[in-house]
Amino acid sequence: MSSKLRHFPFVLGTLVFAGFLLRALCALPPFGEYRGAYGPAILSTMEPLRHAQQAVASITFDYRGFDTLGEEFILFAAVAGGLLLLRRQESEAAHDPVDQSGDRGGIEPAPAVLGLGVLMFPFTLLLGIYVVLHGHLTPGGGFQGGVLLATAFYYVYLSGEYHDLLGMSRGHIVSHLEAAGAAGYVIIGLLALPAGLHYLHNLLPLGDKGNLLSAGTLPLLNITVGTEVASAFLLLIAAFLRQVLVIRREKKP
Amino acid sequence: MTVLPYLIVIELLLVGLYGIATSRNTIHLVSCLFVAQSSTYLLLLSVGYLRGGTAPITDEIPANARMVDPVVQALTLTDIVVGATVSALLLAFALQRHKLTGTLDPRKEPPQRG
Amino acid sequence: MSLAPFPVITALFMAALLAALEQLSSRRRLLDVLSLATAMAVAIFDWQLLDASLAGTIVYWFGDWKPMGGFPVGIAFVIDPASAGLALLSALLTLAALLFSWHHFHAVRTYYHTLMLLFLASLQGFALTGDLFNMFVFFELMGVAAYALTGYKIEESGPLEGALNFAVMNSVAGLMVLLGIALLYALTGGLNLAWAGAALSGKPAGTAVSAAFILLAVGFLTKGAVLPFHFWLPDAHSVAPTPASVLFSGIMVQLGLYAVARIYWVVFSTTLDPDLLRQMLLGFGVATALVGGVMACLQRHLKRLLAYSTVSHSGMMLAGMALLDRRALQGTLLYIAGHGLVKGALFIGTGVLVYHHRSVDEKELHGRCRHLRVTGVLFCVAGLALSGLPPFGTWTGKGIIKETASDLGYQFLPPLLSLCSALTAGAVLRAAGGIFFGLGHSDPFSSSAPATGEEGSETGHSRGPTPRIMLVPLGLLLVASLGVGMLPQVQQVADQAAGRFIDRAAYQALVLQGTPLPLPRPAPQARPGVTVSFVTTAAALVVAALFLGPGPLRGRGRESVKVLLRGPVRLLRRVHSGYIGDYVTWFICGTGIMMALAQFWF
């Protein structure tokens, strides 16, 4: 189709679609007056039943914990797929990174960048750990904290030490951590089965509401997810960076 | 203005889909997909919104406070993770394709037809 | 201890474990053995679950979150014979695919095995779940694993293009599903299918309800490759490595249709007008079947040909489902099983061709595979089975659909289904005749079709005879398809599955209150006639002979036939342009049309 021809059916289809979608959305209960049963059911039961105070974490890891298991493995699949796709091909070779500008001898990060990187790295790492550990108490959790943790390692790259970053992910530790995080969620769910309970039953002691160790398995699940997410993003970032920085194409035969 | 959130949902969706339909650059296309995806975040959140409601965390708030629906927030969280992972894969496709064909334009180097 | 969660969690755990075997040297055998054992274990779990579900549908609440005061706060697996049967089918196909890839398949590190197991887990979860959002999660897991498998051969641009088109279209479909979920959640306040159905029942069908259904249906029909949402399928299935194609065409597409059926019956069946829905879905199904059949005849790239045949058969299944009738549904379920096994066998046959010649181009391979006797014969048998040759599973399934269609007054449907079967099977037989037996010449229509010359090697070395281990799954799948057609037990299971599937009151009572209602009474055994099926098979042979033999396509009439058909053929080819932008355009048009029809009618 030529581009003009392409536009005509698109605009027509879009108008019809948008019109009817808007009509449907306007037929919903009015905005700002949520009256569903699900939210109240959880808000009223999570404290007495689970000593939990953060409803979103409670839903993510307890009430609908099985969704999160699937979600974690979506990320896991994406990492396996991403690494599969970004593998080094036979026609490519790894080269040391070179400075594209050409008028400098080697790559020297500016002192300010290096300093800021050194400053930000531990700070972000700590923040990430905090967010993971307090996921069941405050906004945050394994996914958010895991991304923060991976970001911390991104500062390593930004301050010019990408050899360290690539070396870190080339070893098997990170991929083992990732697999352990993913498998850990499955195993924590299994704990309930010998007791005759259903999969993913929250059977650990519930503790006192608001404490770091409370709400049963929630902190543990947050940690497994945090581990998985952090290492997953680290692996992905490193794989993309390696494509850009290290892998060069050999001359075509 | 109770229609406003829904109008923005539709706008985001259409902007994203238009971008995908006319894109000449795969990376642009992935971004457009993300824009379209964000319409679902907005719809989910607005469906569970309660006027005057606070965040659904029962720490140090009055006993009978109104709270917004936490379920849609959990769903949105899942949705965001899904969107991010899919775009990582899409970018990997785009990168490898660029290495092979030297172009990011989905209309260059026509794939199989018919 | 209930086995309900095990099909999913076994596969997920083993996927994580295999990924951790990264640095083991000589890990290949171990990976093969472990993944095969996992698929086997999952198949056994599914078998047990199917067996148990026949006595009564199993409801399994994760985390023991049983409904509180009738409101489901947790996620449930609802395992009835239909869902357990489809899960079993997907496990068997995975088993066959992994057997095929045993040792010879070029597996990159641990990724191939990990992704196959993740894919298996997602198929299981998608089939078994009774929760709308959980369905979406497994839909996306299925997608992510499938995109990565499609783009497996990064040395060529074809797989990358195909994977990109696949991923973008399915993500857009996921978007629609999510919008539908949001609408349904706003209307009913719950995510459990049974709850949503209970909340909607008795209410008039408003614009929001019909839009929610259409958005969900469009999303899952994209997975089900229904016109005009099918464009991604040929691009993806034709370039994916063989084991992945087996699963894509054998079960993934059909699960999309299953989701639409499940959502319709549990949630919307008392709210939406069945007569209008029947006509709409029948229209889309028949159009898909026809376009897929014609496009299959126009291909020379064997995998692409098979992919279009999947489109066509998906349309037939949608047509069978769209009759919204218990017996038709029984036929459709049987047809899904019979077709999936046969299609898997056909894809494995093409995998053998890739192994020997690194090509699946009909023209290039013409007459070059005479030495592959066993493969050739099995491939032809599978081609005949595709047309519905008795007593294969395709025969009973399609026979029941056709007879029900006639009984319901849709006289036009049986001949149409026969025609499409004959077209797709004829195309397969034509290709088989040329490749394995050197019959005929190149015909004028498929010659102009696209063909990516060299297939990337899927395997290491490829000298000598075909490894037995590649032929074993090919034979087993055909035997299994025969079993689906011949064993009366399979029919009884399908009948029970269909009866349970459409009984929404029993489903709701069981999930929400936990009270089992009496099981549907078994319907009398159906024995579809053989005459029509033999005629269809003969018609398929005629189609193949038309292309191969000295007929109107060869002799004097050739020019006139060519002139007559050139226009439509060119148009069809132009529409399947391979550009993602066009696909999205058609997608939006199709969605708009469906929304408009639904809102005017319901």
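Me: Are α5(C) and α10(C) roughly parallel or roughly antiparallel to each other?

Reply: Some ground rules: this is a predicted model, where local features need pLDDT of at least 70, side-chain atom pairs count only at pLDDT 80 or more, and totals for chains, interfaces and linings use all residues. Residues are numbered from 1 along each chain as its sequence is written, chains are lettered from A and ligands numbered from 1 in the order written, and side-chain values use heavy atoms, without hydrogens and water.
Axes are lines fitted to C-alpha atoms, for helices over the stretch in contact, and angles run from 0 to 180 degrees between N-to-C directions. Under 35 degrees is roughly parallel, over 145 roughly antiparallel, 65 to 115 roughly perpendicular, the rest oblique. Helices are DSSP runs (H or I, at least four residues), as are strands (E, at least two), numbered from the N terminus. Here α5 (residues 132-150) and α10 (residues 242-268) of chain C pack at about 160°, axes 12 Å apart. They are therefore roughly antiparallel.

Me: Which residues make the contact?

Reply: Contact means heavy atoms within 4.5 Å. From α5(C), Met135(C) and Met142(C) are among them; α10(C) gives residues including Phe248(C) and Arg262(C).

Me: How many helices and strands does chain B have?

Reply: Chain B has 3 helices and 0 strands. Its pattern along the sequence is α-α-α.

Me: What box do the C-alpha atoms of chain B fill?

Reply: Roughly 65 × 30 × 20 Å, along the principal axes.
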